[in-house]
Amino acid sequence: MSMAPSVRQYLDSHRVRYDTLPHPRTATSMHTAQLAHIPGDNLAKCVVLKDRRGYLLAVVPATHRLDLDLLREHTHRDLVMVDESELTTLFSDCDPGAIPPLADAYGLDCVFDDRLLEPDDIYFEAGDHEQLVHLSTEQYRLLMSGVPHRPISRHV
């Protein structure tokens with residue numbers, strides 16, 4: 001598989017400057033970072049949650065674990081993690097587990113961790129387990145300009 005069509009269309013429609021970085025198939029985001037030779041703090045990983053109001057995409061650095069209690073406190077929502085079967089419906093053009101942090105491209109609400117604004121570059125899964133999208137943090141900040149961000153994770 002290559003970059004998910006929704007990801008490519010979203011990035012191109014927003015005139016984002018990006019490139020892609022191939023990597024071997026991996027089981028974890030930290031392993032992806034190691035094999036792609038990038039810092040884990042620069043790799044955005046996604047966690048999909050839901051409550052009675054709908055779905056929420058939480059984006060944190062690969063070196064961190066989502067703090068669900070902190071997220072619930074910040075959002076005032078009773079969020080739980082979704083079943084993997086729901087992910088294939090929400091992200092139909094992506095491989096399971098290769099979720100890009102572009103909630104708008106999939107019509108979802110989103111919140112991301114402040115720590116993703118610290119490095120100069122951001123990487124994330126392109127919708128498959130074989131390539132990462134690479135863009136500047138400034139480009140990511142522009143894409144996420146209307147998305148709330150706050151500390152929602154803890155270092156692993």
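These legends accompany a set of close-up views of one predicted model.

The model is predicted, so local features need pLDDT of at least 70 and side-chain atom pairs count only at pLDDT 80 or more, while totals for chains, interfaces and linings use all residues. Residues are numbered from 1 along each chain as its sequence is written, and side-chain values use heavy atoms, with hydrogens and water left out.

**View 1. The whole protein chain, to get our bearings.** The protein chain has 5 helices and 10 strands; helices (H or I, at least four residues) and strands (E, at least two) are DSSP runs, numbered from the N terminus. The C-alpha atoms fill a box of roughly 35 × 30 × 30 Å along the principal axes. A compact globule with 156 residues would have a radius of gyration near 15 Å, and the 14 Å of the protein chain agrees with that; the radius is taken over C-alpha atoms, and the globule rule is 2.2 Å times the number of residues to the power 0.38. Buried residues make up 52% of the 156 residues, where buried means under 20% relative accessible area, exposed over 50%, and partly exposed in between (1.4 Å probe, protein chains only).

**View 2. His134 and its two aspartate partners.** His134 sits in strand S8 (residues 131–136) and is buried, at 18% relative accessible area. Its side chain makes a polar contact of 2.7 Å with that of Asp19 and another of 3.0 Å with that of Asp121. For a polar contact, a pair of N or O atoms must lie within 3.5 Å; within protein, one must be able to donate a hydrogen and the other to accept it, and residues adjacent in sequence count only if both atoms are side-chain atoms. Leaving aside neighbours within four places in sequence, the residues in contact with His134 (heavy atoms within 4.5 Å) are Arg17, Tyr18, Asp19, Asp121, Ile122 and Tyr123.

View 3. The side chains of Glu86 and Lys50 meet in a salt bridge, 3.1 Å from N to O. Glu86 belongs to helix H4 (residues 84–90) and Lys50 to strand S2 (residues 43–51), so the pair ties together parts that are 36 residues apart in sequence. Glu86 is buried at 15% relative accessibility, whereas Lys50 is partly exposed at 28%. The structure holds 9 salt bridges, each defined by a side-chain nitrogen of Lys or Arg within 4 Å of a carboxyl oxygen of Asp or Glu.

**View 4. Arg77 reaches Asp109.** Here the salt bridge spans 3.9 Å, N to O. Arg77 lies in the loop between helix H3 (68–75) and strand S5 (80–81) and Asp109 in strand S6 (residues 109–113), so this pair ties together parts 32 residues apart in sequence. Arg77 is buried, at 7% relative accessibility, while Asp109 is partly exposed at 45%.

View 5. Glu138 and Arg141 join their side chains in a salt bridge of 3.7 Å, N to O. They are 3 residues apart in helix H5 (residues 137–143), which means about one helical turn separates them. Glu138 is partly exposed at 45% relative accessible area, and Arg141 is partly exposed at 38%.

**View 6. Leu35 in helix H2.** Leu35 lies in helix H2 (residues 29–36) and counts as partly exposed, at 35% relative accessibility. Beyond neighbours within four places in sequence, Leu35 is in contact with Pro24 and Thr26.
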